[in-house]
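Subject: Handing over a structure, with notes

Dear colleague,

I am passing this structure on to you, and I would be grateful if you could read the notes below with the model open beside them.

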Amino acid sequence: MNNEKFPVGRRLGQCASASLVALLAACGGGGGGGAEPVAYSSSSPGTATTTSGTTGVLDAVTTTVDTVATLIPAPIASFETKEYYREIALAMINASTAYSTGASGQGVVVAVNDGAIDTGVAELAGQIAGTGNDWVGDDLVSAHATHLAGTIAAKRDGSGMEGVAWSATILPLTSFATNDDGSTSGFGTAPYQAIAYAADVGVDIVNNSWGSSPDAVIPSSLVSAVRHATDLGTIVVFSTGNAGADQPNATAMVPSVDAATRALTVAVTAVNENGVLASYANACGDAAAWCLAAPGSRILSTDAGGGYLTMSGTSMAAAVTSGALAVVISRFPELTNAQIVNRVMTTANKSGIYADSSLYGQGLLDLGAATQPIGTLVANAVGENVYTGGVVIGEGAAISGNSIVGNAIVGALGGVPVALFDNYDGATFTVDMADLVIRDNGPDFVSDAFGDFGRGHFSNVSAVPGMRLSLSSKQEEVSAGAALHGVTRDGRTMVASLRLALGDETILFTGMNTGFAEAMPANDSLPTEAGLSLLPDALVPGALSLADGGAVIGIDTMLSERTAFSIAMMNEAPDSGLIGADGFSQGATGVQASLRHDVGHGLTLEAGLGYVQERGQMLGATGVGALSLNGAETMQLSVGARLAVSADTAIVARYDRAVTNTSDTGAFISEARDLTSDSWTLGVVGRNAVVAGDHWGFTSHQPLRGSGGTLALSVPTGRDADGTVTGETMTVALGGEGREIDWEAFYALPWGEQGLLGFNFLYVTDPGNSAIAPDEYLGMLRYRLRF
């Protein structure tokens, strides 16, 4: 190659170290001037001298390319060492962010198409993929080529400097002769043959830090070689040259005459240590669509013969970019090399001065950004294609827990890695599935207590014999599941309960936004008034609490003098705002059939069979997108007893056992089987203890608690080259950890003609069935006016 002169006003000697006088023509300045070389032929080695058999190189390269190490993320700061900062280019391209993903060029081979590399220097020990190929056959090693190899892949060993892709390997391709003064010169068509050779042996990237001049003719043999390489999927990197020109060297312009090479050709100009286009660098110019800028000034790297050398030039910028491409390939082995190039171009910094594409092309190389999601993350089911389906995480691919199964879901999903894909090119990102769980904060006893203020009791309506009506209001609540769906609301809602006697033995009851315990006629036998306790679920049979608080309708009838039968249907008031009949299409619907039998001596035994159908949830846990829980069915057996100790005192006890199975699930959770849960209540209530008309009670209650079962997961673990999501099926156990027990004491006495003054004390262990949640205490004084 011919050394070219720098124009007046440009800095001279940008490709040389302080110790070198002569410019290296291979630093983007020269490029085989003279007559047009012969057309490239992959079957003809031309004047090349082969010093190692092609088969041996293929074996070495193929083994390395196919072996991709498992990426192990680490903190960014752990990579920002003295060794890291000695190579100023690394910080300028945010390399530590990329390294924190676990990627550093593992399994990637970069061919350095240049002079002879001194493969014996310490920083390159273990970094050479094979003996490569030599078209020259001399014994001199090149400082320029050795510097490029170190910039790309010098090892990270705590001393000296490190390459951009310190886990990649170098395939040496000697296509330039090294002169006695350290400069290099062209060797016929050898550089072009080396490009094709690199592709033939399967390397991912071939670095070409050499060129001709901006006004030179683009050699047809170069075009043929680049076309051959890009057809095989090899990325071809060229430096733009060091003439300080507005246009790059002709060697970087191959896509302008062969558009098929554009996706895999990268031209690189250089910025100085201040991030500004270097005075020596040829701008991207007409190559802007496939060109970007990278650090090229004062680059410290390996020197032939050992030691280190600081060099400047677009050659160095090209090597930095080749190393960056290797890191991105190792981060996303599922992407094609064309997608890798596109990703690097897209994520290059285009802000400020880098928006000038005539100078900087697609912007300043940002390796950190190239290894992060572009756009938003998408959750895809196993078997789906990342380019045609999926649920955008930002639009709600998540699952909420609750106090029944919340901790169990978090525990079961914790540590299960799941692959998500960005919606730009389907690049894979792995997250812990537990990160997609919106944890419930557990019960808010204070809000529940205040929300119950103003609740009325049944009062006779004299105009309609046999009818009792209650009207009141309660505070609206928003659960974790509602928040997951973006529901936010506040205020109060109307509560209505109605009883209608159908003869002496049958009662029709219904309610809107009311509780099952208040509506059930069977609870009239208790010697206390409904609504005085802060634990409304204590008298609701277990799983039926999932459907409680909305619409309820039922009938209670005496089958004999001592035996009664009741059946009730209820529907949870859904968080979307629907109530009443419209609400039966959403939320949870429950049916309870029960028998009560008076065995005498004040003892009444009860047995009930319940069924709850949930839509869009499972035991109250709500999921959307790939973690959707589209429905569940629960069967429950309840047994209970009531003992009237006296006319004014009764002991109540109840135990509920439920089994839940999913009727339909989303992409990640394929099935939930035999989820067991239980609840129980034990208490004593009474009236007229201190003054006539007072009410009192002591209650212990375990709310519904999940205790066992399994989740069958279909876990995406990656994708293939076509975009089809691959994965595995696993089963995880659900088990309860904490056990919430609610202990309450209350007392209410008449205050005025129609009022009650009440005192409540509540003590809760393991709130929300969370073993790590602190116990809670609540004391309350409240006044209730009847109407």
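Helices (H or I, at least four residues) and strands (E, at least two) are DSSP runs, numbered from the N terminus.

This is a predicted model, in which local features need pLDDT of at least 70 and side-chain atom pairs count only at pLDDT 80 or more, while totals for chains, interfaces and linings use all residues. Residues are numbered from 1 along each chain as its sequence is written, and side-chain values use heavy atoms, with hydrogens and water left out.

Overall picture

The protein has 15 helices and 35 strands, and of its 787 residues 56% are buried, where buried means under 20% relative accessible area, exposed means over 50%, and partly exposed lies in between (1.4 Å probe, protein chains only). Of the contacts (heavy atoms within 4.5 Å) with a separation of 6 or more, 71% are between residues 24 or more positions apart.

How do α8 and α9 cross? Their axes come within 10 Å and cross at roughly 120 degrees. That makes α8 oblique to α9, given that angles under 35 degrees count as roughly parallel, over 145 as roughly antiparallel, 65 to 115 as roughly perpendicular and the rest as oblique. The crossing in which α8 passes α9 is right-handed, and in it L325, V328 and I329 of α8 meet N337, I340, V341, R343 and V344 of α9.

Within strand β6 sits N207, which is buried with a relative accessible area of 0%. Its side chain is joined to that of S209 by a polar contact of 2.9 Å, a polar contact being a pair of N or O atoms within 3.5 Å; within protein, one must be able to donate a hydrogen and the other to accept it, and residues adjacent in sequence count only if both atoms are side-chain atoms. Leaving aside residues up to four places away in sequence, N207 touches a set of residues including A111, L148, I152, V237 and S322.

Eleven of the eleven residues of α5 (143-153) are buried, so the helix is largely enclosed by the rest of the structure. Among the elements covering these buried residues are β1, β3, β6, β10 (299-302), β11 (308-311) and α8. At the start of α5, a side-chain oxygen of S142 comes to within 3.2 Å of the backbone nitrogen of H144. In the loop between β2 and α5 lies G137, which counts as partly exposed at 43% relative accessibility; its C-alpha atom is 8.3 Å from that of T174, although 37 residues separate them along the chain.

Antiparallel strands further along

A second open sheet has four strands in the order β13-β12-β15-β16, with antiparallel pairing, and its edge strands are β13 (391-392) and β16 (428-432).

Strand β34 (residues 755-765) has eight of its eleven residues buried, so it is largely enclosed by the rest of the structure. Ten bridges join β34 to β33 (residues 741-750), running antiparallel, with A748 and G758 as bridge partners. These two strands form a hairpin with four residues between them, and G752 in the turn has a positive phi of about 85 degrees. Ten bridges also join β34 to β35 (residues 776-785), again antiparallel, and there L762 is partnered by L778.

With best wishes

Key: Axes are lines fitted to C-alpha atoms, for helices over the stretch in contact, and angles run from 0 to 180 degrees between N-to-C directions. A crossing is left-handed if the near helix is turned anticlockwise from the far one by less than a right angle, and right-handed if clockwise. Two strands pair if DSSP finds at least two bridges between them.
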